[in-house]
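Please keep the sequence and the 3D view at hand while reading.

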Amino acid sequence: MMDWFTNIEFASPEMFWLFLGLPLVIAFYVWTFNRQNAAVKVSSSKGFQSSNSIFGKLRPLLFVLRLLALSLIIVALARPQTTDVTTKTKTTNGIDIVLAVDVSASMLARDLKPDRLEATKEVAADFINGRPNDRIGVVVYAGESYTKTPITTDKTISLKAIKDIKFDGVLENGTAIGMGLATAVNRLKESEALSKVIILMTDGVNNSGFLDPKIASELAIEFDIKVYTIGIGTNGNAPSPFRARADGTFEMRMAPVEIDEELMKQIAADTGGKYFRATNNQKLKEIYAEIDKLEKTEIEQFEFYNVEEKYRDLVLLALILIGLELLLRYTVFKTVA
């Protein structure tokens, strides 16, 4: 029974004003009841039989039944109902995105906290979590490049790929921007998405690889891929890896931050993207937030309403009460004065 009252709404709540008429109905009943029981003065009551029948005392029950029926009808007129809403979403402009992350030794520099690479991973993970309707892939590069994970809708896979990024010396050291960009383009060239985006991050200059970044940029243009470029590193000098110790850690020393900003700006401009400079953790977060706003996925949301009317149960109960009242009036209470 309690389920009946769950999430009930009333389509015509103004009908509850009719309850203001019930006191008038009660007053009229009391007035007529008193008239029916008017006192008669006689010299002797010996000719009258006294009756202590319980039915006479219960006769007001008939009015209570009618009052309850009337109340139920008023509530029914207010049209109680429950609404079940089913929501379906349809992505109308899906975006395929590849994150191309520089993993050269210089990404261990500590001008971002705890270092450039970890700061990049943290912000990239937040970016992925904020894109539930897009396919995202991950490419890493240093002196060489490879695909960490192809574009996928499974955010668990993309997030794990970002989490597992580390400088492990597997790739030849250096910064092959052209190779990293070309590998990212290769992941997107057969995509049928209406929008294809590469976010290319680096903290250095192109000094490795056999592919010129400008040629990779032309490939991106050919496949209608937009490239956002991010230069990571403070202005001036930063504590950077100098040489590896026996235990695998690095000895740090201050070194100048060198980012080929002209190249990064050119790649972004040629492909319709934008260049950003992340000099600290907060700036890097703001850059990803801006890219997130620039590349919004269009989504259509459809809501289907299933309205279930509840007034029928109330009307049925009201009719039962009226029927019970009439039955009692013309049977049990028929002979009651």
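Strand 8 (residues 237–244) and strand 9 (residues 250–256) run antiparallel to each other and are joined over 7 bridges, where two strands are said to pair if DSSP finds at least two bridges between them. Helices (H or I, at least four residues) and strands (E, at least two) are DSSP runs, numbered from the N terminus. One of the bridges links proline 241 to methionine 252 in strand 9. The two strands make a hairpin with 5 residues between them, and in its turn glycine 248 has a positive phi of about 95 degrees.

The model is predicted, so local features need pLDDT of at least 70 and side-chain atom pairs count only at pLDDT 80 or more, while totals for chains, interfaces and linings use all residues. Residues are numbered from 1 along each chain as its sequence is written, and side-chain values use heavy atoms, with hydrogens and water left out.

Confidence is expressed as pLDDT, the predictor's confidence in each residue, from 0 to 100. The chain has a mean pLDDT of 85, and 85% of its residues reach 70 or more. Within the chain, helix 2 (residues 54–58) has the lowest confidence, at a mean of 66, whereas strand 7 has the highest, at 97. Where pLDDT is low, the predicted coordinates should not be read in detail.

An open sheet is built from 6 strands in the order 5-4-3-6-7-10, with mixed pairing. Its edge strands are strand 5 (145–152) and strand 10 (275–278), each of which pairs on one side only. From one strand to the next the twist averages 15 degrees; angles run from 0 to 180 degrees between N-to-C directions, and axes are lines fitted to C-alpha atoms, for helices over the stretch in contact. Strand 7 (residues 226–232) pairs with strand 10 in the parallel sense over 4 bridges, and isoleucine 232 has alanine 278 of strand 10 as its bridge partner.

Helix 4 (residues 116–129) packs on this sheet, touching strand 3 (95–102), strand 4 (135–141), strand 6 (195–202) and strand 7, and its direction makes about 170 degrees with that of strand 3; contact here means heavy atoms within 4.5 Å. Helix 5 (residues 155–163) lies across strand 3, strand 4 and strand 5, and runs at about 160 degrees to strand 5.

**Helix pairs**

| Helix pair | Angle | Axis distance | Crossing |
|---|---|---|---|
| Helix 6 (residues 177–188) and helix 7 (residues 213–222) | about 15 degrees | 8 Å | left-handed |
| Helix 7 and helix 8 (residues 261–271) | roughly 20 degrees | within 9 Å | right-handed |
| Helix 4 and helix 9 (residues 281–294) | about 30 degrees | 10 Å | right-handed |

A crossing is left-handed if the near helix is turned anticlockwise from the far one by less than a right angle, and right-handed if clockwise.

Helix 6 and helix 7 meet through Ile177, Gly178, Leu181, Ala182 and Val185 on the side of helix 6, and through Pro213, Ala216, Ser217, Leu219 and Ala220 on the side of helix 7. By class, this contact has 8 nonpolar, 2 polar and no charged residues, where Ala, Val, Leu, Ile, Met, Phe, Trp, Tyr, Cys and Pro count as nonpolar, Asp, Glu, Lys and Arg as charged, and the others, Gly among them, as polar.

The contact of helix 7 with helix 8 is made by Pro213, Ser217, Ala220 and Ile221 of helix 7 and by Leu263, Ile267, Asp270 and Thr271 of helix 8; its residues are 5 nonpolar, 2 polar and 1 charged.

In the remaining pair, Ala119, Thr120, Glu122, Val123, Ala124 and Phe127 of helix 4 meet Asn281, Leu284, Lys285, Tyr288, Ile291 and Asp292 of helix 9, which gives 7 nonpolar, 2 polar and 3 charged residues.

**Backbone details in loops**

The peptide bond from lysine 113 to proline 114 is cis, with omega near -5 degrees, and proline 114 sits in the loop between strand 3 and helix 4. Arginine 79, although it is not a glycine, has a positive phi of about 55 degrees, and this residue is placed in the loop between helix 3 (60–77) and strand 2 (80–93).
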